[in-house]
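Work through the following exercises with the sequence and the model side by side, and try each task before reading its solution.

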Amino acid sequence: MIKALPQQLKQYLLVTFNYWNFTITDGALRMLVVLYFHQLGYSAIAIAMLFLFYEFFGVVTNLIGGWLGARIGLNHTMNIGLAMQIVALLALGLPSEFLSIPLVMAAQALSGIAKDLNKMSAKSSIKGLVSGDQQHSLYKWVAILTGSKNALKGFGFFLGGALLNLIGFQLSMLAMAAVLFVVLLLSLKLLEKDLGKAKSKPKFSQIFSKSPQINILAAARLFLFAARDVWFVVALPVYLGASLNWSHIETGTFMAAWVIAYGVVQGLAPKITGSQSGKVPGRGAALIWALLLSIITGILAYLVQLGWQPQATIIVGLMLFGIAFAINSSLHSYLVVSYASEDGVSMDVGFYYMANAMGRLVGTVLSGVVFQMAGLAACLWVSFAMLAICCVISVALPKGNEGLVKHI
């Protein structure tokens with residue numbers, strides 16, 4: 001249990017502190033890039049392309065990062081991620097005349113690598129905190145980390161919109177780089193050496209998971225996150241500004257409120273899904289919540305297509321979508337850590353989040369393309385189709401956590 005492990009708890013809190021600070025800058029950076037380049041007159045497709053390398057290198061990083069973390073330790077991968085984000089922010093903080101499209105895409109690629117190294121390190125480290133027979137505690141601590149991260153990412157969205165109005169794009173980048181530099185110094189001094197290092201050095205050929213349940217869950221995760229990002233990343237903020245005439249601060253505040261509420265729901269997921277009754281969630285819970293999310297998305301797509309009370313539909317619909325999506329995400333985050341092997345956990349978690357990043361990549365590109373070609377309603381219908389696929393895949397998950405074989 002956590003109370004019996006003060007040193008592990010101390011390390012968990014330090015990892016979480018690193019993750020929180022990184023997450024705020026990541027959320028602010030995303031909002032700053034979308035709003036700033038929309039302000040400069042970039043199309044929805046062009047803005048989506050700015051995130052192409054960010055998401056693509058997230059796929060690569062999760063696949064290789066898990067192997068790297070198992071070999072050199074999660075403390076090193078986390079600190080490398082912090083350092084890379086600082087470099088990316090400094091590059092974007094250059095005067096505007098130097099901000100060419102290739103430079104912005106390269107900086108975004110660096111940020112994508114940094115983000116997923118940081119996230120993989122934080123999520124993987126939890127496995128060492130809780131013994132294998134304490135699944136309720138594992139679910140609770142995964143939910144807390146995931147929920148708090150998304151709440152702070154929401155704050156980052158708000159911060160990005162506010163900073164753009166208050167001090168501009170370049171100064172915002174430099175200020176965030178300075179904060180992360182302080183965090184990196186603390187992490188280098190205090191984070192435990194060899195955190196999460198595997199007992200045996202895994203081979204590079206082992207980066208692909210050989211676990212059926214991890215592979216199935218990864219496929220479901222891909223479609224789940226593609227379904228969110230296909231309308232949330234580019235289409236929604238551009239729609240709010242172009243069609244509903246919202247200001248940068250209004251758009252940033254609304255999306256921040258959504259992500260914060262989404263994070264709070266993720267933190268409460270164990271209570272909502274009934275784990276306090278003595279059962280931990282499995283296939284049934286994952287399938288039910290995926291079905292509910294798909295129904296909400298289908299209704300939202302239909303109402304947006306009709307043009308019925310567009311502002312109210314977006315606000316209420318997005319909040320309902322967020323609640324159901326948060327439960328789905330938290331269930332998946334628990335299941336992957338539960339399914340993962342004890343030794344070299346980062347490899348299973350890294351492979352799983354590779355699928356997560358692939359979903360974000362597909363969703364981000366489609367968000368710009370589909371929105372520019374057919375509008376927000378079309379993005380929502382694509383989201384509905386992806387969620388239907390997620391439901392079908394979820395049927396193949398194991399029936400419950402009992403009987404799962406921990407592969408080595």
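**Exercise 1.** Determine which residues lie nearest the centre of the second largest cavity, and which elements line it.

*Solution.* In this predicted model, 13 residues line the second largest cavity, and Lys153, Phe157, Arg228, Asp229 and Phe232 are those nearest its centre. A cavity here is a set of points, on a 1 Å grid over the protein atoms alone, where a 1.4 Å probe fits but cannot get out, and lining residues have an atom within 4 Å of a point. The elements that contribute two or more residues to this lining are H6, H8 and H10, where helices are DSSP runs (H or I, at least four residues) numbered from the N terminus. The volume is about 90 Å³, taken as the space filled by probe spheres set on the points, which are joined across faces, edges and corners. By class the lining has 6 nonpolar, 1 polar and 6 charged residues, with Ala, Val, Leu, Ile, Met, Phe, Trp, Tyr, Cys and Pro as nonpolar, Asp, Glu, Lys and Arg as charged, and the others, Gly among them, as polar. At least three lining residues come from each of domain 1 (1–203) and domain 2 (208–407), the bounds coming from an automatic or database domain assignment.

Residues are numbered from 1 along each chain as its sequence is written. Local features need pLDDT of at least 70 and side-chain atom pairs count only at pLDDT 80 or more, while totals for chains, interfaces and linings use all residues, and side-chain values use heavy atoms, with hydrogens and water left out.

**Exercise 2.** Describe the largest cavity by its volume and its lining.

*Solution.* The structure holds 4 cavities of 30 Å³ or more, and the largest has a volume of about 200 Å³. Its lining comprises 20 residues, of which Lys115, Lys119, Lys149, Asn150 and Lys153 are the closest to its centre. Among the elements giving two or more residues to this lining are helix H1 (6–39), helix H5 (101–125) and helix H13 (345–374). The class counts are 5 nonpolar, 6 polar and 9 charged residues, and each of domain 1 (1–203) and domain 2 (208–407) supplies at least three residues.

Conventions: On a 1 Å grid over the protein atoms alone, a cavity is a set of points where a 1.4 Å probe fits but cannot get out, and a pocket is an open set with protein on both sides within 12 Å along at least five of seven lines; lining residues have an atom within 4 Å of a point.
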